[in-house]
2 protein chains.
Amino acid sequence: MSHILVIGASGQIGKQATEKLLDAGHTVTALVRNKDKLSDVTADNLNIYEGDLEQDFSGAFKGCDTVVFCAGSGANTGPDKTLLIDLWAARNAVEYARQYNIKQFVMVSSVGSDDPDAIDSPIKPYLVAKHMADEHLRNSDVPYTILRPGSLTDEAGTEYVQELLPGDEDKREIPREDVATAIVYSIDNEKALNRIYGLFKGDQPLKSVIQ
Amino acid sequence: MSHILVIGASGQIGKQATEKLLDAGHTVTALVRNKDKLSDVTADNLNIYEGDLEQDFSGAFKGCDTVVFCAGSGANTGPDKTLLIDLWAARNAVEYARQYNIKQFVMVSSVGSDDPDAIDSPIKPYLVAKHMADEHLRNSDVPYTILRPGSLTDEAGTEYVQELLPGDEDKREIPREDVATAIVYSIDNEKALNRIYGLFKGDQPLKSVIQ
């Protein structure tokens, strides 16, 4: 069992990941800006750390051996926050992970961030930020797992996925719950180290893809 | 003499750099979005290449051995353009430079981009973009020179500078013309390879600082 720092633990993926990691028996430090947003999650193995990703949040790393970054500036803020959160806070998290000898950094990235030029997308600035954050992580000496899910939905997870980008754009989806489950399967898993996974709805068992 | 691609050649630094490089006898390919903006610059050793930094602009690199990146999204556009131009176009320029075996890449960066967290600045998103672009260049195998000028002014250049950040904030200035001159002194200059220079008004001859 690991001691996992979840950055963005009150987000839509982060909260599900936190609950699943706690259920799996891990200790979780949940980094949130406002602890009220996690008031419905209680467990003996949960520590809540209030912090601001635009400030120094290195204190949250104390005692942790694993990091999950699933913070995002969200759809309702401008690209200045894309730069400050999706890129810079992620970059700083990698630097702190290096300082704290973190054994695994799980980054929730996005489909399309491998090559932001590939399609003419309205979210290209976001994909650029995610690309550069992923690149910074890959160039660090911190062992990483990068998840690149398709369009996120609120459906219940099925745990059936495929890694390859579906040709049909309508099929480039994945329930957030399956991304949260993929995080759990990634942790303490040698096979997932220094790997990048695409995650789309499909017909392969999620566990067999990650583990 | 070199064949220099100036990216952002119609900008406030770029135009002065282009003129000075032409005067020094170099051949210049000037990459601009709109060639009318350079209609007042004529020289036999000038080629103008119209291109869009948000598209593939690798064609501009053909025949060049040196690159100067002084494009900027400017103060009148939003941080989406900061991501697309100041960060991503710079990143793509480095990738093209790698493909074309460019012997020197001169990047016009900014004071503060070494550590965007150091001060609470309204231009922090811009500094993050410049930091990550500089980092991408430094991690490439392309020999680089990074210039980090202070606040840019339209005064005539004096060619007297200092590298260290002045303690007095009012003195953290530099005429654009001196930055343009620093670009010229950097090129074909072994001492300037894989170096980062701060550039502020001061009392040292610019030429002796760079060369």
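Predicted model: local features only at pLDDT ≥ 70, side-chain atom pairs only at ≥ 80, totals over all residues.
Residues are numbered from 1 along each chain as its sequence is written, and chains are lettered from A in the order in which they are written. Local features need pLDDT of at least 70 and side-chain atom pairs count only at pLDDT 80 or more, whereas totals for chains, interfaces and linings use all residues; side-chain values use heavy atoms, with hydrogens and water left out.

Six residue pairs, both at pLDDT 80 or more, are in polar contact between chain A and chain B. Such a contact is a pair of N or O atoms within 3.5 Å; within protein, one must be able to donate a hydrogen and the other to accept it, and residues adjacent in sequence count only if both atoms are side-chain atoms. Helices (H or I, at least four residues) and strands (E, at least two) are DSSP runs, numbered from the N terminus.

Chain A is superposed on chain B by a rotation of 180° with 0.0 Å of shift along its axis (RMSD 0.0 Å), fitted by least squares on the C-alpha atoms of residues with pLDDT of at least 70 in both. The two copies are thus related as by a two-fold rotation axis. In chain A, the C-alpha nearest the axis belongs to A:Pro79, at 2.7 Å. The same surface serves both copies, since 100% of the contact residues of chain A recur in chain B.

**Buried elements.** In helix α4 (residues 176-186) of chain A, ten of the eleven residues are buried, that is, under 20% relative accessible area, with exposed over 50% and partly exposed in between (1.4 Å probe, protein chains only). One of them, A:Thr181, has a relative accessible area of 5%. Leaving aside neighbours within four places in sequence, A:Thr181 is in contact with A:Lys20, A:Glu159 and A:Leu206.

From strand β4 (residues 66-69) of chain B, B:Thr66 and B:Val68 point one way and B:Val67 and B:Phe69 the other, and all are buried. β4(B) runs parallel to strand β1 (residues 3-7) of chain B, joined by four bridges, and pairs in the parallel sense with strand β5 (residues 104-108) over four bridges; pairing requires at least two DSSP bridges. B:Val68 stands opposite B:Val6 and also opposite B:Val106.

| Pair | Closest N and O atoms |
|---|---|
| B:Lys20 and B:Glu177 | 2.9 Å |
| B:Glu54 and B:Lys81 | 2.6 Å |
| B:Asp141 and B:Arg98 | 3.9 Å |

B:Lys20 lies in helix α1 (residues 12-23) and B:Glu177 in helix α4 of chain B, so the pair ties together parts 157 residues apart in sequence. B:Asp141 is exposed, at 60% relative accessible area, whereas B:Arg98 is partly exposed, at 33%.

Definitions and conventions: Contact = heavy atoms within 4.5 Å. Salt bridge = Lys/Arg side-chain N within 4 Å of Asp/Glu carboxyl O.
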